[in-house]
Amino acid sequence: MTEAPAPVELLVCTTCRAGQPTDQEGPRPGALLESALQGKDWPEHVTVKAVECLSNCDHGCSVVVRGGSDRWTYVYGNFTGADDVDLVHEGITKYAATTDGLVPWRERSTHFRKNCIARIPPLVLPE
């Protein structure tokens, strides 16, 4: 029997403004991205959660992906909002298919390769 994969969380900053003025009317680009991501078909072990301010305000919309104590955690930025929903979905689905969070470099989209804000080691470091 195969062990179920560890849960993966995609945290989406709903206050991200993607470089737009803070007094702009209507929902912010981050909130629009989060809403669009909620509507995607995700693997069973992936959940999308809204969070406030990831402190990357001047660098587009930001997301965090984490998944259990054995996976690396990543913070990605420079998304434009709901227009990037398919790009984010593809990258996070690849991450969710790993056991350690390490998607091979060439399998990552250019955006994920060039817009990694932080890479955080797993809670349990491999020996």
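**Helix packing, then cavities**

Guide: The axes of helix H1 (residues 29–38) and H2 come within 10 Å and cross at roughly 60 degrees. Axes are lines fitted to C-alpha atoms, for helices over the stretch in contact, with angles from 0 to 180 degrees between N-to-C directions. Helices (H or I, at least four residues) and strands (E, at least two) are DSSP runs numbered from the N terminus. This is a predicted model: local features need pLDDT of at least 70, side-chain atom pairs count only at pLDDT 80 or more, and totals for chains, interfaces and linings use all residues. Residues are numbered from 1 along each chain as its sequence is written, and side-chain values use heavy atoms, leaving out hydrogens and water.

Visitor: Which residues make the contact of H1 and H2?

Guide: Contact means heavy atoms within 4.5 Å. H1 supplies Leu33, Ala36 and Leu37, and H2 supplies Val85, Val88 and His89.

Visitor: How is empty space found?

Guide: Rolling a probe the size of a water molecule over the atoms shows where empty space is left. On a 1 Å grid over the protein atoms alone, a cavity is a set of points where a 1.4 Å probe fits but cannot get out; lining residues have an atom within 4 Å of a point.

Visitor: What lines the largest cavity?

Guide: Its lining residues include Val65, Tyr74, Lys94 and Phe112. Strand S4 (73–79) and helix H2 (85–96) each give two or more residues, with the largest share, three residues, coming from H2.

Technical notes
1 Å grid on protein atoms, 1.4 Å probe; cavity = no way out; pocket = protein on both sides within 12 Å on 5 of 7 lines; lining within 4 Å.
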